[in-house]
Amino acid sequence: MSLSHRTKMIPLPVLEEYCISPDHGFLDGRLPLTRLTSKKYTRWEDIVAQLPSLLQDGSQVRSAIDELEVLALDESILGDVRELRRAYSVLGFMAHAYVWATERPRDVLPECVAGPLLHAADILGVPPLATYSSLVLWNFKVADVCEQPESGCLDLENITTINTFTGTVDESWFYLVSVRFEKIGSSCLNHGLQILRAIRDGDDKAVTDGLNKLAAAIERLSRALMEMETKCEPSVFYFKIRPFLAGWTNMSHLGLPQGVKYGAEGQYQIFSGGSNAQSSLIQTLDILLGVKHSANAAHSSKANQKVNYLDEMKKYMPRQHREFLYHLASVCNISEYVSANASNEPLQKAYGHCIAMLQRFRDNHIQIVTKYIILPSNSKQENSNKKGVLSPIEPNTKAADSSGPKTASCKTIGTGGTKLMPFLKQCRDETIATGEAKKENKN
Ligand code: HEM
Ligand SMILES: N[C@@H](CC(=O)c1ccccc1NC=O)C(=O)O
């Protein structure tokens with residue numbers, strides 16, 4: 001049975017069946033809970049609310065957490081997915097604050113955090129640490145009640161974060177740009193499914209129209225990304241915020257050779273830190289447009305092994321979002337359709353526009369990464385060596401192959417564990433290659 005015939009046999013995914021909202025995309029249709037309902041967990045909420053002051057002297061946050069009673073997740077949490085997400089987010093903040101509170105990271109998480117965090121993560125289908133889900137998807141609230149509960153709420157001006165490590169506007173903005181990105185991205189999901197329906201209906205014009213709308217939406221995503229620069233200062237991001245975002249993969253040089261142990265009697269485990277690579281939205285666009293990413297040596301935590309980092313990051317997404325991506329991949333035949341209709345100029349142009357916009361997004365992103373990581377990592381920031389200011393965590397920068405005076409960009413590691421520049425350029429180049437292949441197919 002041909003692929004296109006097989007893909008037509010499988011019904012198209014229904015967003016709501018995967019906890020995805022037609023209006024808010026992967027952000028879910030209801031706003032996240034801003035605090036756990038049961039009073040039993042008040043101490044958890046108090047500590048996370050006070051992180052900016054507790055982290056002024058890192059040892060304070062560790063003693064506050066060490067004094068916590070070991071509490072299991074009770075029915076008030078287990079019975080409600082928003083309570084569960086809130087617990088996972090609060091515990092993720094505490095875990096990273098505890099590990100990265102001082103220049104000497106701790107490699108054992110106390111049971112009071114490790115136990116409930118492992119439990120919540122297991123149910124949600126995500127790893128037990130702070131992820132894109134816990135820091136972005138489930139960590140925002142509406143700044144003031146808005147009239148249009150559906151559309152006006154999530155304008156960037158009208159939302160703010162629930163928690164941060166540093167209490168800075170820069171950190172809030174850093175997460176909120178991605179919240180806005182997910183909101184804008186909801187239209188990409190609707191356009192993508194509409195295109196697939198049009199292919200099944202044999203409606204060429206509707207396919208072309210859908211691709212043109214998708215290209216316009218991707219262009220808006222690029223613009224949303226560049227809003228990072230309006231309220232997030234690169235040096236604040238790099239020296240004050242980023243050290244808390246790192247995971248525990250590839251951290252031998254910082255004293256975490258085995259990762260982090262979950263509870264005194266627990267196991268050491270290794271996990272990547274947060275990254276938008278854990279956003280299901282961009283991976284949805286790659287699937288819709290047939291952009292393939294090869295396994296890459298740029299994912300540094302598996303030395304000498306080629307790992308497909310973006311596939312790895314699917315394991316860091318909420319279970320239903322991951323399952324949506326697999327279902328979408330099993331039915332998506334846009335790329336085959338475009339190849340099979342090489343003489344349809346408007347179709348070829350619309351598809352080429354989508355690829356160009358996705359490439360522009362990845363180019364803009366590389367600019368952002370240069371400004372927010374590469375340049376600050378080269379600068380000599382006096383106060384970064386001062387006591388109390390965490391030196392920027394460049395996982396494994398020191399341990400990277402030191403052959404020759406390479407610029408930082410060849411050695412610098414992302415919080416997700418990749419050799420960031422080679423990896424990001426590879427993602428961009430694979431996007432370009434997808435568009436080139438279609439042009440060759442035409443000639
Ligand atoms: C200061 C802001 C940002 C920095 C420094 C940054 C840095 C990075 C780094 C280093 C990676 C490689 C994976 C890792 O090791 O972590 C990455 C991946 C990625 N980032 Fe960002 N990022 C930022 C903001 C964003 C935003 C706002 C978006 C989307 C709106 C985004 C989208 C992505 C995507 C989609 C990937 C996966 C690679 C790809 O598909 O091309 N990033 N980012
Ligand atoms: N990968 C980025 C960090 C990053 O982009 C990120 C980390 C945790 C949660 C969200 C993130 N991205 C944007 O919101 C870095 O290496 O600095």
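Predicted model: local features only at pLDDT ≥ 70, side-chain atom pairs only at ≥ 80, totals over all residues.
Trainee: Which side chain lies 2.4 Å from a nitrogen atom of ligand 2?

Mentor: That of Asn276, through an N or O atom. The side chain of Ser178 also has an N or O atom, 3.1 Å from an oxygen atom of ligand 2. Both distances, 2.4 Å and 3.1 Å, are within 3.5 Å, so both pairs are polar contacts.

Trainee: How much of ligand 2 does the protein bury?

Mentor: Alone, ligand 2 exposes 400 Å². The protein buries 90% of that.

Trainee: Where does ligand 2 sit?

Mentor: In the largest cavity. About 850 Å³ of space lies there.

Trainee: Why is that space called a cavity?

Mentor: A 1.4 Å probe fits there but cannot get out, so the name applies. The protein atoms alone are used for this.

Trainee: What lines the largest cavity, by class?

Mentor: 24 nonpolar, 10 polar and 2 charged residues. The largest share of the lining, 7 residues, comes from α17.

Trainee: Which element gives the largest share of the shell around ligand 2?

Mentor: α12, with 3 residues. The shell divides into 6 nonpolar, 6 polar and 1 charged.

Trainee: How many charged residues line the second largest cavity?

Mentor: 5, with 5 nonpolar and no polar. Arg82, Arg85 and Arg86 are among its lining residues. Arg counts as charged, so these three belong to that class.

Terms used: Residues numbered from 1 in each chain as written. Chains lettered and ligands numbered in written order. Heavy atoms only, no water. Polar contact = N/O pair within 3.5 Å; in protein donor to acceptor, adjacent residues only side chain to side chain. Areas by Shrake-Rupley, 256 points an atom, 1.4 Å probe, with all protein chains shown as cover. 1 Å grid on protein atoms, 1.4 Å probe; cavity = no way out; pocket = protein on both sides within 12 Å on 5 of 7 lines; lining within 4 Å. Sits in = over half its atoms within 2 Å of the grid points. Helix = DSSP H or I, 4+ residues; strand = E, 2+ residues; numbered from the N terminus. Points joined across faces, edges and corners; volume = space filled by probe spheres on them.
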